[in-house]
Amino acid sequence: MTEMSVNKRAAILSFILLFAGLLLWEAVIPAQKAAGELTEYERLTGGGAQKAGVPPPSQVLEKAWEQLSNPFYDAGPNDKGIGIQIGYSIYRVLAGYVLAALIAIPLGFLIGMSPVAYKALNPFIQVLRPISPLAWMPLALFIIQDSEASAIFVIFICSIWPMLINTAFGVAGVRKDWVNVARTHELGALRTAFTVILPAAAPTIVTGMRISIGIAWLVIVAAEMLVGGTGIGYYVWNEWNNLDLTSVIFSILMIGVVGMALDAMFGVLQRFVVYSE
Amino acid sequence: MTTPFLSVERLSQRYPDGEGGTTTIFENASFGIERGEFVVILGHSGCGKSTIMNILAGLAEASEGVVIMDGKEVSGPSLDRGVVFQNYSLLPWLSALKNVTFAVAARYPDWSKDQVLSHSKKHLEMVGLSADVFNRKPSQLSGGMRQRVSIARAFSISPKLLLLDEPFGALDALTRGTIQDELLKVWAGTNQTVFMITHDIDEAILLADRILLMSNGPYARVAESVEITIPRPRNRIEIVEHPNYYAIRNHLVQFLGKRSKELAGPTDAAENRPVTVRIDKTAPAAPSPKKLAV
């Protein structure tokens, strides 16, 4: 017998687990009895009415096919394609995330370079960081007076901390030898920052960015359930109100897939900046 | 007396000892280095060799005293003083070649890209690296190769003073030997002034024009300046047969093993200049000055 590679064996095992899981799911859902099999009493007590149950995977797949074959349709505020909903969510996440990065990375640099700035800002960071991003929502809604901007603010506030802390940590931990190399070659402060400190701290910074994008994607679903209107979070909640569990399950899967894709993007970026000593 | 090219004048280094007082690492150390000279400093750990080197490099500041190079006081790091660190200090995200071009571009900002590139390649080849390793990252190079890149980088910017901080300390004995030869070869063609720290007596004799011996700290000082009276070009195999070799070596071993301890402690002298020691068995006619510790 020839040995299969680890990857091949893992892939086969994954598929087996997937099919077993789907089969189990399909099997445990009680079938609706056909009207003909009901006793008279059951018919009289409403036993023939459609019961809302957890849909089997076959229905979810059907739904997925239907939605993904036309993801961008727009039939009014309560009926938009999954592509449009996800698009809104990604737009909000990226808007809040980019704003956070624009502030967190330079500020993190400053904190990492200056022990005084680190000590001065640390208490604020330690207090603000553990606050659940959704706790900011009422305040944001009141001050900003715009639900769209408030959602973006919530993303901003939740994604700023990992980036800020990791940047500061990465910059503060740059090996003294490398800074000395810059100094003995008379590099100016700006050249040192860009040619030595930034590449040296980049792996840590990108790790922070990766954690941030993951948190932002977690938070956007909850935020959109609150602010409503558009987005994947709103879609999940709306389908729940419609008692369309097939759509709920489908959108849960989509949240997972998009989250994975966002993470993979930063995984690629990480491979670019990583170095080994 | 004319002022030497590099003049270290009454250098002292003191640190707070954590109990309200100060610890003096070395005090009133004065010595000079001539242009083109290869000077090695030997001494036990804790005598402040590395501190002296960092002060010369401008990376640290002395508590007292000044360093004057080429008529100007040393303050802060500069491209005039190249440094090769023990742990290579290559930037790990840059290839071997880029680690050199970055230095060359900093040294000669007016040069074109091609000029920078060919100058860098020339120096990498000078230390015995072939073109196929130019694009490797430091992590893909052996310790010896990394130190070659580091030496190439230092020579490529032709500093007025080259500082080598135990450059071969982390290498195995065989690699060390080949790179010592490599260094001698590169150095011979340049008339580069070099100041080097080492723990290895044989390495010091092979490379140096003059060896500075430091007594133990605290209150260490540069006690002796031993001239290496063995003609160049030298090589590791033939040098041991020279009549002066073991005489000098014994003197150094005696110093490090015994006298560095006896000489430890503070002195009243306002300035501690090293005593010049010249050991030359090939010229018995000349009355040998100073004590001969044999």
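A polar contact is a pair of N or O atoms within 3.5 Å; within protein, one must be able to donate a hydrogen and the other to accept it, and residues adjacent in sequence count only if both atoms are side-chain atoms.

I noted first that this is a predicted model, where local features need pLDDT of at least 70, side-chain atom pairs count only at pLDDT 80 or more, and totals for chains, interfaces and linings use all residues. Residues are numbered from 1 along each chain as its sequence is written, chains are lettered from A in the order in which they are written, and side-chain values use heavy atoms without hydrogens or water.

**Entry: chain A against chain B**

I looked up polar contacts between chain A and chain B and found five residue pairs, both residues at pLDDT 80 or more. I found zero salt bridges between the two chains (a side-chain nitrogen of Lys or Arg within 4 Å of a carboxyl oxygen of Asp or Glu). For contact (heavy atoms within 4.5 Å), I listed 17 residues of chain A and 20 residues of chain B. The buried area (accessible area, 1.4 Å probe, that two parts lose on being put together, summed over both) is about 1700 Å², with 66% from carbon and sulfur atoms. On the chain A side, A:R183, A:T184 and A:H185 lose the most area, together 33% of what that side buries.

**Entry: B:R148**

I checked B:R148 and found this residue buried at a relative accessible area of 13% (buried means under 20%, exposed over 50%, partly exposed in between; 1.4 Å probe, protein chains only). B:R148 touches B:V127, B:G128, B:L129, B:T178, B:I179 and B:E182, leaving out residues up to four places away in sequence.
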